[in-house]
Amino acid sequence: MTKTVIDEAQPRDDRYDIWDGRLAGFGLRVEKSGRKTFIIRYRAEGGGRNAPRRFMTVGRFGTLTVDDARKKARQLLAAATVGDDPAGDRQTKRREMRMDALIELYEEEGCFIQRGKRQGMPMKPLTKQYTVARLKHHVVPLLGHKRVSEVGTGEIERFFRDVSAGKTACDEKIGPRKRIVVRGGDGAARKVFRDLSAVFSFACRREIVESNPCEKAVVQKTDNRRDRFLTLAEVTQLGRACDDLEAEGVNAKALNITRLWALTGCRRDEIAALKWTEVDLERGLLILDDTKTGKSLRPLALAAVALLRGLERSKSSDYVFPSDRTEDAHFQGTKKVWPDIIKKAKLPGVTPHTLRHTMGATATSTGEALALTGAILGHANMRSTMIYAHVENDPARKAANRVARKIAAALAGTDSKAKVAKGKVANNNVAVKANSAST
């Protein structure tokens with residue numbers, strides 16, 4: 001097994017192993033994600049056909065060279081031949097691991113997507129940064145000193161309540177113009193609970209713990225659903241506020257980003273960090289290379305196309321909204337301008353993500369199919385789009401009122417057509433009686 005062989009090893013539908021021809025029991029494991037790890041296999045208790053077979057990770061390719069990994073593997077395999085059990089010893093030691101050490105291990109080896117179509121792929125850098133920060137700022141202060149085997153369902157529930165109560169909140173200055181601000185509360189507790197559950201799932205796969213204590217914890221595991229969206233009248237207020245601020249000299253990039261949020265329903269950075277290479281004005285498409293759900297194709301409305309056509313392209317940057325300071329970054333000034341926009345529009349509490357909800361709500365309320373709404377928003381599955389299904393209640397209720405009004409009028413005999421029919425029945429009865437009398 002050489003570096004060339006390892007470099008040429010490509011990921012497959014299932015993980016597989018490549019075994020070394022020079023050192024028996026030494027090999028390379030190639031995961032579906034493409035990650036490559038040196039491993040050893042041996043039989044414990046000095047060997048023998050009936051001895052349990054062990055697998056053990058030696059190190060990751062890239063961190064270790066082939067020669068370094070082979071040297072380390074030779075030492076471990078030699079120890080196994082005289083009755084030692086390196087994998088078992090490591091497992092026993094890991095069961096005594098404390099929570100802060102487990103989080104360090106998770107940061108190094110466990111920050112991968114655990115489900116969905118991106119399963120096995122590394123977390124995006126910003127996602128990993130936020131995840132690890134939540135774990136270190138909430139879990140480590142409250143549970144970091146405990147052994148992994150000591151953390152059960154009761155400790156998890158107590159931890160959740162403590163974070164909700166703000167016991168981990170802090171505001172600490174760590175350097176010039178740098179602060180660490182940690183906020184507790186219900187939302188923070190739910191997010192870090194999901195992160196901690198992922199850590200324990202990782203520990204289960206590594207056989208550090210036998211079960212995930214978060215699975216049985218009685219806590220509110222899901223966020224409160226946000227169903228706030230703008231009415232068309234409120235959208236008018238937003239547009240007028242953008243126009244007024246532009247006339248006052250506010251940065252036009254922030255205002256055009258806001259307009260595109262509303263016109264496309266895209267997520268915040270999908271527009272703020274948009275590149276011209278991702279824009280196809282001829283076909284009216286956004287071909288986003290890297291989104292929350294991977295590569296995504298989004299339709300562009302004519303109004304959005306017209307706005308993009310009117311923007312001046314930078315000669316030194318591929319970003320649609322380049323930074324005013326550096327050429328290799330996108331504009332990030334919307335956070336400062338957004339409070340001015342919602343204040344002038346008189347829309348307190350509205351966030352940029354509200355505009356995404358507005359696109360979904362408007363689409364379903366005007367009768368667009370959920371599948372088409374999902375295509376507009378770039379949802380990977382229909383479950384994400386289903387949150388807008390409730391919006392259809394309003395037009396459906398109006399339709400029910402129109403239909404029921406006619407039926408109610410007919411039941412009460414106040415409907416004009418019903419009156420005519422009732423009159424005809426009465427006339428027929430009179431005619432029948434007259435005929436009966438004459439006979």
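Among contacts in the chain between residues at least 6 apart in sequence, what percentage join residues at least 24 apart? The share is 56%, a contact being heavy atoms within 4.5 Å.

This is a predicted model, in which local features need pLDDT of at least 70, side-chain atom pairs count only at pLDDT 80 or more, and totals for chains, interfaces and linings use all residues. Residues are numbered from 1 along each chain as its sequence is written, and side-chain values use heavy atoms, with hydrogens and water left out.

**View 1. The whole chain.** The chain holds 17 helices and 9 strands; these are DSSP runs numbered from the N terminus (helices H or I, at least four residues; strands E, at least two). Of its 439 residues, 38% are buried, meaning under 20% relative accessible area with a 1.4 Å probe, protein chains only.

**View 2. Helix α6, residues 153–164.** This helix has 12 residues and reaches 17 Å from its first C-alpha to its last, close to the expected 16 Å (1.5 Å times one less than its number of residues). Its buried residues are I156, E157, F159, F160, D162 and V163. The cover over them includes α5 (125–143) and α7 (186–205). After α6 comes G166, with a positive phi near 90 degrees.

**View 3. The hairpin of β5 and β6.** Strands β5 (residues 170–175) and β6 (residues 178–182) pair in the antiparallel sense over 5 bridges; pairing requires that DSSP finds at least two bridges between two strands. C170 lies opposite V182 in β6. Between the strands are 2 residues, and R177 in the turn has a positive phi of about 60 degrees.

Notes:
Buried < 20%, exposed > 50% of the residue type's maximum accessible area, 1.4 Å probe, protein only.
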